[in-house]
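Visitor: Hi, I have this one open on my screen. Could you walk me through it?
Guide: Happy to, let's look together.

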Amino acid sequence: MPPGLEILHATEDVRRRVAGWRADGLSVGLVPTMGAIHDGHLALVREAAAGSDRVVASLFVNPKQFAPGEDFSAYPRDEVGDAALIASAGGDLLFAPPGETVYPEGFSTAVSVGALSEGLCGAFRPGHFEGVATVVAKLLNMVRPDAAWFGEKDFQQLQVIRRLARDLDLGVAVHGVPTVREADGLALSSRNAYLSAEEREAAPALHRALVALAERAVAPGADLARAIGEAERSILAAGFQRVDYVAVVDRETLRPADPPIGEEARALAAAWLGKARLIDNVAVPPRGP
Ligand code: AMP
């Protein structure tokens, strides 16, 4: 076990530890992950450490958010390596529940966050956001933190979880963290491991297309449909095989934004490159990561 990091698998154990911290007046932050930890996850752990006295990271590859035929079994798993990285970023506890702890025999509850889950990735991954909302609601109840940190990299997921916490009065503050990128703009993702060397070269085109789209969308007299079409063409021209969507939406409702486009908008895309389905998004107009 890495120095300073405790690893727990049972709900009673994590609850006891968190209740003890809270009884001592310490605030507790949670960073849910599916493992295959990279610098994007570590940015969340660091933010959580800056914003709370103790940090719990959870590691659970959630079967409910993968549709049949998606990469659940291929998803990279390395608890020992992940624990060392989480410790290095200031994590205090790694909660790694087994599948049957999260979904015991007879589990039959689902949490569904209506309209926000339907468009964008929701239209291409049926059941995905219900799986995400269900596991996040469950993890928040298992750990009972004061706050939880999520990446803007998964922008639709972040908005779904914000809504979930508000709608169900979960009593947890939900914080978003800007996307961590490679030097060439590619958003860090566990799925980047699926890319060949050639595909890795092509991958930053997704971010470049979104930055160009976000710039064009706010230009006076912008033709949004045309700008979206050009973004799709540039992604395909770079070597992606298929674009699931490119969209400019209201960042709160995730409904298509109406021109004139202003700062309430967000540009998002998902596209296939070899075996990897890559997603990305940027603020409109583009600023920071
Ligand atoms: P995952 O393990 O892919 O489910 O991601 C766990 C958390 O890390 C989610 O809140 C993601 O949004 C966040 N995350 C993943 N990649 C990045 C990134 N490149 N930058 C910031 N956060 C990220």
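**Rings and strands**

Guide: A search of the whole structure, which is a predicted model, turns up five aromatic pairs.

Visitor: How are the rings of Tyr103 and Phe107 arranged, then?
Guide: Their centres are 4.9 Å apart and their planes stand at 75 degrees, so this pair is edge-to-face; the cut-off for that label is over 60 degrees.

Visitor: And Tyr103, buried or exposed?
Guide: Tyr103 counts as buried, because its relative accessibility is 14%. Phe107 has 25%, so that residue counts as partly exposed.

Visitor: What lies over the face of Tyr103?
Guide: Lys64 does, at 4.7 Å from the ring centre. Elsewhere, Arg77 lies over the face of Phe72, 4.9 Å from the ring centre.

Visitor: New topic: how many strands form the sheet?
Guide: Six, in an open sheet with parallel pairing, ordered β1-β4-β3-β2-β5-β6.

Visitor: Which strands stand at the edges?
Guide: β1 (6-8) and β6 (173-177); each has a single partner strand, so one side of each is left without a neighbour in the sheet.

Visitor: How do β5 and β6 pair?
Guide: In the parallel sense, over five bridges, with β5 covering residues 147-151. Gly151 stands opposite Val177 in β6.

Visitor: What does helix α7 touch?
Guide: Helix α7 (residues 155-167) packs on the sheet and touches β5 and β6, its direction making about 170 degrees with that of β6.

Notes. Residues numbered from 1 in each chain as written. Predicted model: local features only at pLDDT ≥ 70, side-chain atom pairs only at ≥ 80, totals over all residues. Heavy atoms only, no water. Phe/Tyr/Trp six-rings, centres within 6.5 Å; stacked < 30°, edge-to-face > 60°. Buried < 20%, exposed > 50% of the residue type's maximum accessible area, 1.4 Å probe, protein only. Lys NZ or Arg CZ within 6 Å of the ring centre and 35° of its normal. Pairing = 2+ DSSP bridges. Helix = DSSP H or I, 4+ residues; strand = E, 2+ residues; numbered from the N terminus. Contact = heavy atoms within 4.5 Å. Axes fitted to C-alpha atoms, helices over the stretch in contact; angles between N-to-C directions.
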